[in-house]
Amino acid sequence: MKIKYRFAFTWSEARASQLRALGLKVQPPADPRPEVGGIAVSFALEGAPGWSEACSLIRSWNGATSVTTEFTAAEISEAAHCAFQVVHASGYPQPERDFLYLEQAYDLSARCPKCGEGAVQMAPFRIKKTLKWGRNAFLKLNWVEEACFMQTSVWSEHLRPLGIGALPVEDTKGSLLDEVVQIDLGPVAPLCMGELEGVRCEKCGRERYQWHDRGFFPSIKNPPDVPIFRSSQRFGVEHQSANAMIVSATVANAIRAAGLRGVELWPCAPAG
Ligand SMILES: [Zn+2]
């Protein structure tokens, strides 16, 4: 596994030279305009020469650092479970005006107005038929982190035989769509969060965690014997939180073998 840092900072030739002297590659802004600087990007692997010095410099320049983890094929294929993050987004839940989709799809009686937690999906999502799939098998709607969609034909061929169910999806008028399904994410199970600390909403007291970005995903306390399930913990930010979606090794390896796109698989740490 490699933990990768991506740095973004206001460009100047002097800053770029400092990073290059530490052994880092620097991508200047596409269109450098000396009067405004523009944003340059650089990368480093955690623990590599120059990495910790680069982190300090980026902080001192008020730059932004984001972290991600690259796993080897073996680390993914040998994990008993993988978190499953949909990365291809297109379109919006309907009706999108004034966020009216919330009332259409959810029971909002227990929803917190501050953090948005507590809404329970009660009805099919409604979508426009113009969603852009590209070459992706998986899709999420903008604004909705907790629902995963597939084209019915792709789900039938690859995931239905593994025991993964589907929920109906409707068009903007409420008629059932044949060509798209929402994946049934199955039961809920707690993860072992160890030292990780969540943020508690000051209004409702519900807890959420930052989206996991470094190292193995947390392990599962007592993994249910099902192909797909959700964490009881919620991850994300206010109004954009979701249960982590977790798949069995069988499902993860089927997704990789078929080359299904639009999702990233994060191996979970071994239990216990
Ligand atoms: Zn709240």
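A: Begin with pairing: two strands pair if DSSP finds at least two bridges between them. Strands (E, at least two residues) and helices (H or I, at least four) are DSSP runs, numbered from the N terminus. This is a predicted model, in which local features need pLDDT of at least 70, side-chain atom pairs count only at pLDDT 80 or more, and totals for chains, interfaces and linings use all residues. Residues are numbered from 1 along each chain as its sequence is written.

Q: In what order do the four strands of the open sheet stand?

A: The order is β2-β3-β1-β4, with antiparallel pairing. β2 (26–27) and β4 (64–70) each have a single partner strand, so they are the edges, and one side of each lacks a neighbour in the sheet.

Q: How many bridges join β2 to β3?

A: Two bridges link β2 to the antiparallel β3 (residues 39–45). V26 is opposite S42 in β3.

Q: Which helix packs on the sheet?

A: Contact means that the C-beta atoms of two residues, placed from the backbone, lie within 7 Å. Helix α2 (residues 51–60) touches β1 (2–10), β3 and β4. Angles run from 0 to 180 degrees between N-to-C directions, and axes are lines fitted to C-alpha atoms, for helices over the stretch in contact. The direction of α2 makes about 35 degrees with that of β1.

Q: Which domains does the assignment give?

A: Domain bounds come from an automatic or database domain assignment. Here that assignment gives domain 1 (2–70) and domain 2 (77–267). Their centres, taken over C-alpha atoms, are 33 Å apart.
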